[in-house]
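Where do the charged side chains of this chain pair up, and how exposed are the partners? The paragraphs below take up these points in turn.

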Amino acid sequence: MGQDTVEELTKKLKIQSDIIKGYEKVLRLNEQELANADEIIRMYEQIIDYSRVELRQAKETVEASTMVSNLSRDELMSAFDKIKSLEDANRKLREESLKFSKD
């Protein structure tokens, strides 16, 4: 029992070799899964970066739209003020005209 025969040692070596080959296969599969996971992570990072750019552009679009809207509102208010002042001036001219007509 203390001494193994050459045949038994050869069997043990074959079994150990098969176990090592199995571990090597598992290791290669793990490396492949890790590479796939890295690729998926890179894709998600690209999607996040793209989404960040899209979000920034959408925010800039909203800000620009708000600015245009505010400018349009300011121009409209200015136009209404001019119209009101012109109507007031026109009313005063009519009143003055009526005064001259009566005299």
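Helices are here DSSP runs of H or I that hold at least four residues, and they are numbered from the N terminus. The model is a predicted one, and its helix 1 spans residues 6–102. With a salt bridge taken as a side-chain nitrogen of Lys or Arg within 4 Å of a carboxyl oxygen of Asp or Glu, the count comes to 8.

One of these pairs joins Arg91 to Asp88, whose side chains meet with an N to O distance of 3.9 Å. Both residues belong to helix 1, where they are 3 residues apart, or about one turn of the helix. Arg91 has a relative accessible area of 38% and is therefore partly exposed, and Asp88, at 28%, is likewise classed as partly exposed.

Another pair in helix 1 is formed by Arg52 and Asp49, again set 3 residues apart, about one turn of the helix. The closest N and O atoms of this salt bridge lie 2.8 Å from each other. Arg52 counts as partly exposed because its relative accessibility is 48%, and Asp49, with 41%, also falls into the partly exposed class.

Glu96 and Lys99 make a further salt bridge, with 3.9 Å between the closest N and O atoms. Glu96 is partly exposed at 37% relative accessibility, whereas Lys99, with a relative accessible area of 51%, is exposed, since the exposed class begins over 50%. These two residues also lie in helix 1, 3 residues apart, which is about one turn of the helix. Elsewhere, salt bridges that share partners link Lys84, Asp88, Arg91 and Glu95 into one network.

Methods
Residues are numbered from 1 along each chain as its sequence is written. This is a predicted model: local features need pLDDT of at least 70, side-chain atom pairs count only at pLDDT 80 or more; totals for chains, interfaces and linings use all residues. Side-chain values use heavy atoms; hydrogens and water are left out. Buried means under 20% relative accessible area, exposed over 50%, partly exposed in between (1.4 Å probe, protein chains only).
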